[in-house]
Amino acid sequence: MHISFKPFYFLIVIVSFYVIHLPFTECTIAFEEVNKFGSHKSTRENKVSRQINHQKTTDIALHGLLLWASMGFLMPLGILTIRGSCKAEPGSRRSRFLFYLHVVFQMLSVLLATVGAAISLKKFENSFDNNHQRLGLALYAAILMQAFIGFFRPQRGKKERSYWYFVHWILGTIVSLVGIINIFTGLEAFHRRTLKSTRFWTILFTAQVSIIGLIYLLQDKLEHLKKQGVIVGTESIVPSDQDNIPQRQDHQKELHLVACAKRNALGNLFD
């Protein structure tokens, strides 16, 4: 009796195929699962990275805004107010108001600078290997020293008053000027760090500084221009006949005395 082995051969081939192919199938499935997991992990890491970058950008912008308001606006505004108080009569209501306004502006400036410095120390990598960070550290120390000096001012009439005012004036002017310079370096650093354009903010800050500088220059000259009849609305005195000659001489004498007695804001505050 002849028995055919073809069905057995066929069965053996099928079983062998599954035995050989099954490990590769499992490896392929495992590899796809690993790739899928890796893809999800990479997507999650990219999302976290974008969140971190967005938070870092927000922190840098907040730091810059606080220091802009402190050194770029409030501190120069405080200087303008104390210079304006020199034009008022000593002890008058206007003089006291401008003085206390100066104090408020400077205290707000110190407060905002402190918050900005705290954000920098907590959120950023402060290796102090660039000019912006070095200037910022030196400026914050100078601001604290300036506030300390301002609280311990001698009374008017004492000999120490002149020396105190000179130090207070020099240090305040240097801090304000260097603070403005450091804001420009901060805008440049923000552009390098985030690759965002800072052209609009640079132009805006330049315009603000220019306006403040113009007001600073005009504070001592505005009254003098009015006396010379340059400002619109004022009239210069012109004699019409010989009878007005004595009156003109008296007026010239008065102008001469005023001109001799005029001193700048620095001299007035030395008293």
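This is a guided tour of one protein chain, stop by stop, for use with the structure open in a viewer.

The model is predicted, so local features need pLDDT of at least 70 and side-chain atom pairs count only at pLDDT 80 or more, while totals for chains, interfaces and linings use all residues. Residues are numbered from 1 along each chain as its sequence is written, and side-chain values use heavy atoms, with hydrogens and water left out.

**Stop 1: the whole chain**

Show the chain as a cartoon. It has eight helices and zero strands. Helices (H or I, at least four residues) and strands (E, at least two) are DSSP runs, numbered from the N terminus. Along the sequence the pattern reads α-α-α-α-α-α-α-α.

Now colour by accessibility. Of the 271 residues, 26% count as buried. Buried means under 20% relative accessible area, exposed means over 50%, and partly exposed is in between (1.4 Å probe, protein chains only).

**Stop 2: the annotated segments**

An unreviewed UniProt entry carries the annotation "transmembrane region" for residues 7-24, 65-85, 97-121, 133-152, 164-187 and 199-218. UniProt positions are given in the numbering used here, feature names are shortened, and annotations may be inferred rather than shown by experiment.

Select residues 133-152. This stretch is 95% helix and 0% strand, and its end C-alpha atoms are 29 Å apart. Next select residues 164-187, where the chain is 100% helix and 0% strand and the end C-alpha atoms are 34 Å apart.

**Stop 3: a nonpolar patch**

Select Val104, Leu108, Leu111 and Val115. Together they form a nonpolar patch on the surface, with about 320 Å² of accessible area. Patches are made of residues with over 30% relative accessible area and no salt bridge; like charges are joined within 9 Å, and nonpolar side chains (Val, Leu, Ile, Met, Phe, Trp, Tyr) within 5 Å. The areas come from the Shrake-Rupley method with a 1.4 Å probe, and for residues only the protein chains shown count as cover.

Stay on Val104, which lies in helix H2 (residues 93-123). Val104 counts as partly exposed because its relative accessibility is 43%.

**Stop 4: the aromatic rings**

Rings of Phe, Tyr and Trp (its six-membered ring) pair if their centres lie within 6.5 Å; planes under 30 degrees apart count as stacked, over 60 as edge-to-face and the rest as tilted. By this rule there are eight aromatic pairs.

Select Trp68 and Phe205. Their ring centres are 4.9 Å apart and their planes are at 75°, so this pair is edge-to-face. The pair links distant parts of the chain, with Trp68 in helix H1 (residues 6-85) and Phe205 in helix H5 (residues 199-219), 137 residues apart.

Phe200 is exposed, at 56% relative accessible area, and Trp201 is partly exposed, at 44%.

Ring pairs link Trp68, Phe184, Phe200, Trp201 and Phe205 into a cluster.

**Stop 5: a charge over a ring**

Select Arg83 and Tyr216. Arg83 lies over the face of Tyr216, at 3.8 Å from the ring centre. A charge sits over a ring if NZ of Lys or CZ of Arg is within 6 Å of the ring centre and within 35 degrees of the ring normal.

**Stop 6: the salt bridge**

How many salt bridges does a search of the whole structure find? It finds one. A salt bridge is a side-chain nitrogen of Lys or Arg within 4 Å of a carboxyl oxygen of Asp or Glu.

Select Glu188 and Arg192, which form a salt bridge with their closest N and O atoms 3.4 Å apart. The two are separated by about one helical turn, because they are four residues apart in helix H4 (residues 159-194). Glu188 is partly exposed at 45% relative accessibility, and Arg192 is exposed at 53%.

**Stop 7**

Select Leu195, in the loop between H4 and H5. Leu195 is not a glycine, yet its phi is positive, at about 65°. Most residues other than glycine have a negative phi. Leu195 counts as exposed, at 71% relative accessibility.

Last, select Arg199 in helix H5. Arg199 is exposed, with 64% relative accessibility. Arg199 and Leu187 are twelve residues apart in sequence and 8.9 Å apart in space, C-alpha to C-alpha.
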